Amino acid sequence: PKEELLGLAESNYLELNSDKAGHFYEEAMKKYPDDIKLLTSYGNFLFSIKEINLAEKILERARAIDPL
């Protein structure tokens, strides 16, 4: 389920295990590509690991889906 994948990604990120976090984020993105919470969390994660270009694309996608 979505919440489980997101929880695993975020907990690994908080534990500074970026490889595992990236894996769980990618798995979640395959299944739930338009989920705003997931897109925002993944974008922030990507910024934290200096994947700036991809982070910007992910966050722009979130903004396009839900411009607030």
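A residue is called buried under 20% relative accessible area, exposed over 50% and partly exposed in between, with a 1.4 Å probe and protein chains only. The model is predicted, so local features need pLDDT of at least 70 and side-chain atom pairs pLDDT 80 or more, while totals for chains, interfaces and linings use all residues. Residues are numbered from 1 along each chain as its sequence is written, and side-chain values use heavy atoms, without hydrogens and water.

L16 sits in the loop between α1 and α2; helices are DSSP runs of H or I with at least four residues, numbered from the N terminus. L16 is exposed, at 76% relative accessible area, and its phi is positive, about 65 degrees, although L16 is not a glycine. K50, in the loop between α3 and α4 (52-65), also has a positive phi, near 70 degrees. K50 is exposed, at 65%.

D35 belongs to the loop between α2 (18-31) and α3 (36-48). With a relative accessible area of 16%, D35 is buried. A polar atom of its side chain lies 2.8 Å from the backbone nitrogen of L38.

L38 is also one of the α3 residues that meet α1, together with K37, S41, N44, F45 and S48; contact means heavy atoms within 4.5 Å. On the α1 side the residues are E3, L6, E10 and Y13. The axes of α1 (residues 2-14) and α3 are 11 Å apart, at an angle of about 20 degrees, where axes are lines fitted to C-alpha atoms over the stretch in contact and angles run from 0 to 180 degrees between N-to-C directions. The two helices are therefore roughly parallel, a term for angles under 35 degrees.

Definitions and conventions. A polar contact is a pair of N or O atoms within 3.5 Å; within protein, one must be able to donate a hydrogen and the other to accept it, and residues adjacent in sequence count only if both atoms are side-chain atoms. Angles under 35 degrees count as roughly parallel, over 145 as roughly antiparallel, 65 to 115 as roughly perpendicular and the rest as oblique.
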